[in-house]
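Hi,

Here is the structure I said I would pass on. Have a look at it first, and my notes follow below.

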Amino acid sequence: MLAYVVRRTIAIVIMLFAISVLTYLLFFAIPRDPARLTCGKVCTPELISQNRHALGLDRSIAVQYGDFLKGLVVSRDFPDDAELARTHPELIIHCHAPCLGYSPSQQTTINNVMGRAAPVTVTLTAGAFVLWMVVGVGLGVVSAVRRGSVVDKLLLGVSLIGYSFPTFFVGLILYDIVSVKYGLLPSPGYVSPAHDVGGWVSGMLAPWITLALAYTALYVRLTRAKMLDSMAGEYIRTARAKGVRAHRVVLKHGLRASLPPIITIAGLDIAGVLGATAITESVFNLDGIGKTVISAVQEADLPIILVGVLICATVVVVMNFVVDLLYAAIDPRVRYT
Amino acid sequence: MRLAKACLAGGAIAALVLSACTGKSGKGHETAGAGQHGGGTLYVNTSRAYTHLDPQRNYFGDAIAFDSRTLARTLTTFPPAEGTKSTDVVADVATDTGTRSADAKTWTFSIKPDVKWQDGKAVTCADFKYGISRTFATDIIESGPLYALDYLAVPRDANGQAAYDGPYKKNGQAGFDKSIDCPAPNKIVFHLRHPVADFYETLTMPAFAAVRQDKDTGAKYDSSVFSDGPYMIEGKWEPTRGGTLVRNPNWVASSDTVRKAYPDKIVVAFGDTADTVYQKLESDNGTATNTVTTTSAPPAAIATVLGPRLQNRSASVDDGYIHYLSVNVVKVPDKQVRQAIAMAVNRTAYVTAWGGSAVGSPTNSWISPLLKAYTKYDPFGVSDNGDPAKAKAVLQAAGVKLPYPIRFQYSKDNTQDKAATTLKSDLEQAGFKVTLDGLNPDTYYDIVANPKQTAEVTWARWAADWPSGSTVIPPLADGRANISQDTLGNDLAAYNDPYTNKAIDAALSLTDAAAQQQAWSALDQRIVKDGVIIPLMANKALYLYGSNIKGFLLNAAFGGFVDLAVVAVQ
Amino acid sequence: MSVPVSEVEAVLDVPDTGGVAVVPIEGRSPASLAWRRLRRDRVTMASLAVVILLSLLAVAAPFLKAFHVIDPSTPHPDLVQGVGSLPTGPFSGASTAHWLGVVPGVGQDVLSRVLYGLTFDFTIAIAATALTVLIGTTVGIVAGYTGNWVDAALSRMMDLVLAFPQLIMLIALSPLFLGQPPRNARVVVYLIVVLALFGWPYLARIVRSEVLSMRELDYVMAARSLGAGTGRILWKELLPSLRGPILVYATIILPVFISSEAALAYLGISLQPPFPTLGSVLNDAVPYVTSDTSYFLVPGVALVLVVLSFNLLGDGLGDALNPRSDRT
């Protein structure tokens with residue numbers, strides 16, 4: 001097992017490295033000049049090149065990538081100007097390692113930007129995850145157990161309809177109508193749990209429901225399908241033949257057999273939900289990583305887009321890794337691939 | 001969005017505060033002092049962020065209105081009064097509106113004794129001098145108005161630019177120091193390069209506010225303004241999110257005849273879409289009762305805002321913004337083609353696309369109807385509906401190949417898309433072939449001001465910086481000041497006409513105010529008849545506010561935005 | 001959004017690498033068996049009918065426009081003279097000329113815009129799906145059949161592409177490829193290419209699993225020992241078995257592409273006016289939820305209907321093609 005973990009860890013590191021190189025290459029084909037962002041209506045060419053130099057954007061891609069990697073272990077200064085550091089140290093922004101870069105549009109280090117954004121995204125994703133797993137799997141079990149009944153058909157129908165609404169549409173309705181107009185949901189917004197746990201939960205209710213809706217629908221269907229599969233298995237028939245009670249059969253054997261694949265699939269879906277998370281953040285005006293990247297795209301703030309994409313890709317890779325480990329722990333055959 | 005980002009300058013013009021309904025005065029039309037009490041928290045919920053809180057970098061109307069009333073006092077300011085009375089400049093930090101020399105090149109002010117910073121120290125001449133000097137550091141303190149560079153008597157370099165790069169680099173500091181004298185800590189003397197008859201109006205801009213040198217943080221000052229006004233920043237201010245203001249304990253109420261500072265706290269939040277802001281205001285739940293906004297009602301909300309239920313919580317004002325099209329004279333050199341474009345345009349349909357008479361009225365002049373320089377005229381003998389048939393005839397007479405291709409650039413959002421669609425339809429009836437280029441609003445002006453990227457026809461919006469034609473024609477039509485190899489500045493039509501330039505110089509040197517405004521009007525007509533500028537709509541802003549708000553006032557001089565000097569929540 | 005793993009798992013019966021593929025044992029061909037199962041499922045047949053109808057409408061719309069039966073672009077300001085430029089008349093100004101009313105502010109015909117938007121969305125989605133299927137199937141077969149280092153390399157490439165979340169990349173790459181202003185042709189190509197670019201790896205993985213498990217089956221080994229070339233084996237033995245999962249996947253991913261287009265329109269990445277897309281019409285309509293409810297409902301219902309019918313169809317196809325669904 002240990003050998004497997006080590007092998008996979010090495011593979012992950014290589015993968016992350018490849019992703020970062022690919023991302024840098026991909027984004028440096030952008031014709032838009034991020035240095036232009038630092039000046040407003042009175043942009044002159046001297047101003048732009050001055051600022052470009054200050055941000056280190058006039059160096060080659062390889063050097064910039066090298067700076068980025070170096071910044072992960074050594075702290076950086078923006079602008080990297082020794083002269084200015086001497087005369088006006090208060091104008092220099094200091095970025096502690098691991099330094100992710102500097103954002104021209106927000107005028108602060110990306111560490112600050114992502115540091116503020118990350119808790120919001122984590123809260124949103126984790127909360128939605130809990131919601132869709134509990135409700136989705138729960139309802140899926142009900143649906144499987146009552147296969148063919150009205151309840152089953154209703155659940156399936158409602159799930160399919162729920163899945164067919166685009167996330168932004170659901171979000172806008174929940175925000176403008178349900179929450180603001182009729183007051184049926186608390187006003188959405190992110191409050192740090194350190195300040196106010198109640199506010200943290202209530203402020204995220206509408207966003208959680210929005211994000212979880214489509215996935216709840218999917219997990220109802222998935223759980224039902226997997227449960228049906230496992231309940232049709234030979235050992236279930238044996239258990240039934242032995243006289244084990246129906247709901248025990250369902251829960252103990254059926255659900256237990258279905259849960260591992262469901263959970264591993266859920267792990268992969270967490271990575272896949274990042275796109276919908278970004279949309280939800282946008283609709284509810286929550287300053288998470290997704291919304292930050294979207295704003296950065298509108299402002300053509302390259303450094304943030306880059307880091308945002310890297311963070312998302314890293315999450316995906318890590319979640320895949322976790323899922324792989326879980327699979328390896330469960331199924332010994334996998335360890336030898 | 002529209003007013004904040006897309007406008008080229010802050011607005012300060014004469015206007016009428018129109019009641020949204022039939023002119024009856026409801027709760028919303030009390031004048032200051034009628035039933036307001038101190039205390040409570042005021043919420044400002046606005047869609048577009050106030051990009052720069054740094055007074056020298058304030059150039060958008062709502063940021064100027066906000067800063068002036070809370071954090072950054074100026075020597076003179078506009079009073080919180082209704083209608084045109086708001087444009088009668090009053091003293092703020094100064095004891096009066098200044099003494100000028102005969103040639104209007106030297107201005108002297110005295111500073112009141114009890115104007116204090118948030119740490120208790122007095123505001124002095126040196127603070128004003130330092131604040132104004134920051135404008136010259138255009139590499140760090142950028143995006144602000146540049147009047148200081150033009151008006152102050154600072155030595156020029158070979159290119160005619162001011163030979164001073166600001167207090168951070170300090171080259172040319174001696175030259176700058178001579179342009180502003182501090183004979184005593186409470187006396188300030190300005191030496192101007194050329195006569196400026198209304199310099200006391202210029203000084204109302206936050207760009208001429210004081211800044212304490214030891215509290216200056218350069219580019220970071222946007223989120224850490226050190227205040228001399230009735231409020232100060234509490235904790236962290238985030239330029240894209242907002243923040244909280246609390247009372248400045250060292251503000252002396254008796255030194256401030258303008259600001260009443262009723263609320264104890266002001267909480268500012270950015271980021272909701274305009275539709276969401278108005279949904280919240282309509283529902284009047286929770287903090288919405290204490291909320292005001294500087295975002296105008298979006299089209300979908302207009303009917304509800306003007307409806308019977310909300311009419312005593314709504315107000316509207318002609319805010320002085322003029323929507324217009326610039327026809328690039330380099331790309332469309334044929335005058336008849338330009339005139340054909342102007343004749344084809346249906347202004348009524350344009351206004352409809354924006355939301356109808358509640359939010360604007362058609363106009364033919366580049367100068368707002370609220371300015372003294374305004375004249376009503378019909379340049380081409382077509383009504384507000386335009387005349388595509390006549391336009392087509394002119395186009396054919398011009399002898400160009402039809403359909404004549406033009407690109408139309410505008411700042412993209414749902415409403416602008418609709419307005420652009422009507423313009424495209426009008427022009428295509430007249431024999432043009434129109435390609436619509438809806439550009440990202442955040443980078444709109446960068447692109448349209450770039451000579452390599454600008455198109456034949458460009459949309460823009462402008463309001464005068466203060467109530468004079470001299471803040472419309474010269475900034476927008478003087479090619480010498482605007483056009484360089486890399487940028488068109490604010491002159492999106494690339495218009496650089498020698499006759500017009502000379503006429504501008506002549507008008508600026510006039511000392512008779514009435515004659516000056518007439519000169520601007522004549523130039524306006526000349527430019528519009530040349531088909532260079534096609535004015536479309538005079539903008540009206542429509543606002544909703546919470547049911548608990550008292551003393552709500554839209555200040556015409558500050559772009560028609562809510563005046564925080566007199567608003568209360570109790 | 002990319003296709004959630006949970007959806008594919010729920011609908012498709014994908015064998016894992018160590019598993020045994022199920023081979024039907026009845027006399028009829030798998031295709032006719034599937035068709036029989038499908039025909040019994042009334043809901044799915046209904047959704048198939050809707051999908052066919054929508055496709056016909058989508059194909060017809062450009063012709064209808066050319067013959068002036070529908071007109072998505074022409075503004076009618078005279079029809080929107082209500083306060084705030086709302087349509088004059090109930091149901092968004094519905095009349096014999098405008099069955100579903102007009103757009104507030106500008107007065108364009110809503111029905112025409114929705115139909116024309118349908119065409120755009122269908123075009124994008126079908127092209128992207130076709131491209132996804134092409135790339136995914138090819139890579140999946142090559143990886144699964146060839147094995148050794150080719151498989152390893154292709155699998156790593158799939159992992160690499162799958163690491164980037166599709167919607168985020170659609171947004172993040174837009175400044176790269178769409179200039180300011182984004183030209184319509186570019187937007188169309190961008191959407192199709194990028195959707196397919198981040199959509200193929202998942203299908204490739206599915207195909208690869210299927211191929212891996214089929215490779216060792218008796219009938220394939222028999223064909224090989226009889227001297228059948230790789231091409232023949234691929235064409236005659238493997239591809240027919242792959243048709244099912246590929247078809248189901250295509251039916252699942254197409255509505256995801258349409259939803260992605262709607263999400264992008266919400267973020268402002270869409271066609272220049274006056275060309276409508278379902279997403280941009282919906283995006284414009286949402287704020288009118290209370291002031292012009294009919295205008296809000298029409299594109300919303302249209303979009304949900306399109307996505308729903310494809311999802312129902314995909315679900316039904318999955319059931320029909322899954323031999324195990326006959327068991328209790």
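How many residues lie between β7(B) and β8(B) in the hairpin they form? There are two residues between these strands of chain B. The pairing of strand β7 (residues 180-184) with strand β8 (residues 187-191) of chain B is antiparallel, with three bridges. If you want a place to start looking, B:A184 has B:K187 in β8(B) as its bridge partner.

Before you go further, please keep in mind that this is a predicted model.

Confidence in chain A

For chain A, the mean pLDDT comes out at 80, and 80% of the residues are at 70 or more. Among the elements of this chain, helix α11 (residues 274-283) has the highest mean pLDDT, 92, while helix α2 (residues 45-54) has the lowest, 59. There is also a stretch, residues 36-43 of chain A, where the pLDDT is below 50. In the model, that stretch still has 25 contacts beyond near neighbours in sequence.

As for its make-up, chain A has 13 helices and four strands. It runs to 337 residues, of which 43% count as buried. Taking the contacts in chain A with a separation of 6 or more, 65% are between residues 24 or more positions apart.

Strand β17 of chain B

With strand β13 (residues 314-327) of chain B the sense is antiparallel, over six bridges, and B:Y324 stands opposite B:A460 of β17(B). With strand β15 (residues 404-411) of chain B the sense is parallel, over two bridges, and here B:F408 faces B:V457 of β17(B).

Why does B:H323 count as buried? Because 26 other C-beta atoms lie within 10 Å of its own, and 20 or more are enough for that label. The C-alpha atoms of B:H323 and B:A460 are 6.0 Å apart, although 137 residues separate the two along the chain. Leaving out residues up to four places away in sequence, B:H323 touches B:R461 of the chain, along with B:L536, B:M537 and B:N539.

Where chain C meets the others

Towards chain A, 39 residues of chain C are in contact with 46 residues of chain A. Helices α1 (5-11), α6 (148-163), α7 (166-172), α8 (174-177), α12 (230-266) and α14 (293-321) of chain C each supply at least two residues of that side. The largest share, eight residues, is from α14(C). By class, the side of chain C that touches chain A has 26 nonpolar, eight polar and five charged residues.

Towards chain B, 22 residues of chain C are in contact with 30 residues of chain B. Here the side of chain C divides into twelve nonpolar, nine polar and one charged residues.

Have a look and write back when you have time.

Cheers

Key. Residues are numbered from 1 along each chain as its sequence is written. Chains are lettered from A and ligands numbered from 1 in the order in which they are written. This is a predicted model: local features need pLDDT of at least 70, side-chain atom pairs count only at pLDDT 80 or more; totals for chains, interfaces and linings use all residues. Two residues are in contact if their C-beta atoms, placed from the backbone, lie within 7 Å. Ala, Val, Leu, Ile, Met, Phe, Trp, Tyr, Cys and Pro count as nonpolar, Asp, Glu, Lys and Arg as charged, and the others, Gly among them, as polar. pLDDT is the predictor's confidence in each residue, from 0 to 100. Two strands pair if DSSP finds at least two bridges between them. A residue is buried if 20 or more other C-beta atoms lie within 10 Å of its own, exposed if 12 or fewer, and partly exposed in between; C-beta atoms are placed from the backbone.
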